[in-house]
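Trainee: Could we go through the aromatic rings of a protein together? I would like to learn how they are described.
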Amino acid sequence: MRLGNLIWNILNFILLLGVVVVLAWPIVGPSVEKNKFKPNRNSIIEHFLDKDKKSNNHKKQYKSKHPLGTDSHGKDKMYVISNATLRNIQYALVAVIPFLLFGILSGLMLSFGRGKTSIGNKKQIFNPLNIGYHVLDWFIKILHSFPVVIVILVGVLFVEISITTPELRIYGLMFFFGSFCVPQLAYDIEKEVNSLRKKEFIKAAEALGVSRFRLIVVDVLWFSCRDIIFSRSMNLFLAAIAIEIFKTFYMSSSSATTLGTLFNPNYW
């Protein structure tokens, strides 16, 4: 078991190192001026697999500044992949930001928004806090009832019809996707708070005079829910990148160079 965990950690470290190198390549890599590049340079793999290394064709020679080689226009392929990755990260953040904002607020309102029941015989019929709780609970249940695949398909059709600017369609799709995934985070936060409430943690904190701000931000969100928030955000982040790749690959509607366009063999 320890050997398996060690191998898994090594693979994660290699993957993380590769991602850092790709993202940092525009900074540490060669200049982007075309006149400094030679078209169709070999990559490092092609260089070591090429049997005819004594070729006089200087355009096919390998150069350490271009580990993945250059394309027919003289652009460094590593630089192109790095820019496409950064653009996909930008798109994915458009989905993650509303997911975190609305998801955390909804989870906290579902956890702490229910009105307290009075001990006496008199009950408040129109309690605004209690009404807001039920409205939000009803709205979150409706969003949670839609399958994710249907949401993605409807989102693609909606942004293709309603948004005329091609550059803004992917942003609209990412925002639409992130907003509809809010119930996943909201229910996880509510479940964690209910677990703390069963353990009498919240009553003990209130009895000790802990402020509501510290209870929510520090004790609940940071110490109890940070693993949930991080894992849910990473899952949504990777899902948003995958959605962009499949959408651009099959629909070719992205005007900018993204990972979806790089997966198309015709691009190279």
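Trainee: Is Phe249 buried, partly exposed or exposed?
Mentor: Phe249 is partly exposed, at a relative accessible area of 33%. Buried means under 20% relative accessible area, exposed over 50%, and partly exposed in between (1.4 Å probe, protein chains only). Please note that this is a predicted model, where local features need pLDDT of at least 70, side-chain atom pairs count only at pLDDT 80 or more, and totals for chains, interfaces and linings use all residues. Residues are numbered from 1 along each chain as its sequence is written, and side-chain values use heavy atoms, leaving out hydrogens and water.

Trainee: And what about Tyr250, buried or exposed?
Mentor: Tyr250 is exposed, with a relative accessible area of 62%.

Trainee: How many aromatic pairs are there?
Mentor: The count is 6 aromatic pairs. Rings of Phe, Tyr and Trp (its six-membered ring) pair if their centres lie within 6.5 Å; planes under 30 degrees apart are stacked, over 60 edge-to-face, and the rest tilted. Tyr91 and Tyr171 form an edge-to-face pair, 5.1 Å centre to centre with 90° between the planes.

Trainee: Which residues form a cluster through ring pairs?
Mentor: Phe146, Phe158, Phe176 and Phe180 are linked into a cluster by ring pairs.

Trainee: New topic: which ring does the charged end of Arg226 sit over?
Mentor: The charged end of Arg226 sits over the ring of Trp222, 4.8 Å from its centre. The rule asks for NZ of Lys or CZ of Arg within 6 Å of the ring centre and within 35 degrees of the ring normal. Arg197 lies over the face of Phe112, 5.8 Å from the ring centre.
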